[in-house]
Amino acid sequence: MTTTSRTGEVVVHSDADVLAAATAARLITALADAQAARGSASVVLTGGGTGIAILEQVRRSPARDAVDWARLDVFWGDDRFVPADDPERNEKQAREALLDHVPVDPARVHAMAPSDGEFGDDPDAAAADYARVLAATATDGDVPAFDVMILGLGGEGHTASIFPGTPAAHETERSVVAVRDCPKPPPTRVSLTFPAIRRATEVWLVTTGAAKAEAVAAAHRGAGEIELPVAGARGTERTRWLLDTDAAAELPWSRHV
């Protein structure tokens, strides 16, 4: 089922597996279309079970080579500030799920620095460096106009690593920040902020499960972005909520799903 609300387009799939496969197909099409129009494309990846399942489905798709992987810029919405080989790293998971299996240009894969990288155990320096990366790849302003940004969300309403009521939720100037004392481990992250997220042409909010249903419904009831950060994630041209039936269960039209 697809419907439209004031928070964006809502697409509901029957279960998590169908959602991952359908989103993978959408992503391949969106990136191929962007490359056909401009010669290159950009995507912002997320972690988590659903985010990585989407990448695995892209890898398995017979249509995956409709994307010219050498002409794709890859970014992340956030990452855990842990060592590079830590299984918690979104980058590591994405490489294992997809990026190690397609001919991406290593210079166009823009990972956030890990805690054992060139900035050592300094997440503020890592965040400042990623802001420089964004500015260097942007053609207008300090942040690229990403073609597609994929974001997940937590049951309390966080997206990327912007948690309710935290300094990151109040940030209005910097594009990337260090996040400390996260309420879920690991406690230290590097994250894009609302000013960067809102530069994306399309923002896709992808989630599954009944534990996310209240946060999804609260966003569609008009909750504020400080108390429910996922409500502040939107694209310049399109905001798309990609849900399974459990995550959509508390939406007012869920009885029609």
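Mentor: Gly222 comes after helix 7 and has a positive phi, near 100 degrees. Please keep in mind throughout that this is a predicted model. Helix 7 itself spans residues 213-221 and is mostly covered, with 7 of its 9 residues buried. The buried residues of helix 7 are Ala213, Ala215, Val216, Ala217, Ala218, Ala219 and His220.

A positive phi is also found at residues other than glycine. Ala160 is not a glycine, yet its phi is positive, at about 50 degrees. Ala160 belongs to the loop that runs between strand 6 (148-151) and helix 5 (167-170). With a relative accessibility of 10%, Ala160 counts as buried. Asp181, likewise not a glycine, has a positive phi of about 55 degrees. Asp181 sits in the loop between strand 7 and strand 8, and its relative accessible area of 69% makes Asp181 exposed. The loop between strand 7 (176-179) and strand 8 (189-192) also holds Pro186. The peptide bond leading from Pro185 to Pro186 is cis, and its omega is near -10 degrees.

In the pairing of helix 1 (residues 16-38) with helix 2, the axes are 8 Å apart and the angle is about 60 degrees. Helix 1 is therefore oblique to helix 2. This crossing of helix 1 and helix 2 is right-handed. On the side of helix 1, the contact involves Leu19, Ala20, Ala21, Thr23, Ala24, Leu27 and Ile28, which meet Thr50, Ala53, Ile54, Gln57 and Val58 of helix 2. By class, this contact of helix 1 with helix 2 comprises 9 nonpolar and 3 polar residues, and no charged ones.

The other pairing joins helix 2 (residues 48-60) to helix 3 (residues 90-97), with axes 8 Å apart and an angle of about 25 degrees. Helix 2 is therefore roughly parallel to helix 3. The crossing of helix 2 and helix 3 is right-handed. Helix 2 contributes Gly48, Ile52, Leu55, Glu56 and Arg59 to the contact, and helix 3 contributes Asn90, Gln93, Ala94, Glu96 and Ala97. The classes represented in the contact of helix 2 with helix 3 are 4 nonpolar, 3 polar and 3 charged residues. In general, an α-helix has 3.6 residues a turn, so residues three or four places apart point the same way.

Trp69 counts as buried, at 5% relative accessibility. Leaving aside residues up to four places away in sequence, Trp69 touches Val58, Arg64, Leu98, Val102, Pro103, Val104 and Asp105. Val58 is also among the residues of helix 2 that meet helix 1. Trp69 and Leu99 are separated by 30 residues in sequence, while their C-alpha atoms are 9.2 Å apart in space.

The charged pairs complete the picture. Side chains of opposite charge can pair when their charged atoms come close. The structure holds 17 salt bridges. One of them joins the side chains of Asp68 and Arg71, with an N to O distance of 2.7 Å. Both partners are partly exposed: Asp68 has 31% relative accessibility, and Arg71 has a relative accessible area of 30%.

Another salt bridge links Arg89 with Glu91, whose closest N and O atoms are 2.7 Å apart. Here Arg89 is buried, with a relative accessible area of 0%, and Glu91 is buried too, at 12%.

A further salt bridge pairs Arg174 with Glu171, where the closest N and O atoms lie 2.9 Å apart. Arg174 is partly exposed, at 48% relative accessible area, whereas Glu171 counts as buried, at 14% relative accessibility.

Terms used. Residues are numbered from 1 along each chain as its sequence is written. This is a predicted model: local features need pLDDT of at least 70, side-chain atom pairs count only at pLDDT 80 or more; totals for chains, interfaces and linings use all residues. Side-chain values use heavy atoms; hydrogens and water are left out. Axes are lines fitted to C-alpha atoms, for helices over the stretch in contact, and angles run from 0 to 180 degrees between N-to-C directions. Helices (H or I, at least four residues) and strands (E, at least two) are DSSP runs, numbered from the N terminus. Angles under 35 degrees count as roughly parallel, over 145 as roughly antiparallel, 65 to 115 as roughly perpendicular and the rest as oblique. A crossing is left-handed if the near helix is turned anticlockwise from the far one by less than a right angle, and right-handed if clockwise. Contact means heavy atoms within 4.5 Å. Ala, Val, Leu, Ile, Met, Phe, Trp, Tyr, Cys and Pro count as nonpolar, Asp, Glu, Lys and Arg as charged, and the others, Gly among them, as polar. A salt bridge is a side-chain nitrogen of Lys or Arg within 4 Å of a carboxyl oxygen of Asp or Glu. Buried means under 20% relative accessible area, exposed over 50%, partly exposed in between (1.4 Å probe, protein chains only).
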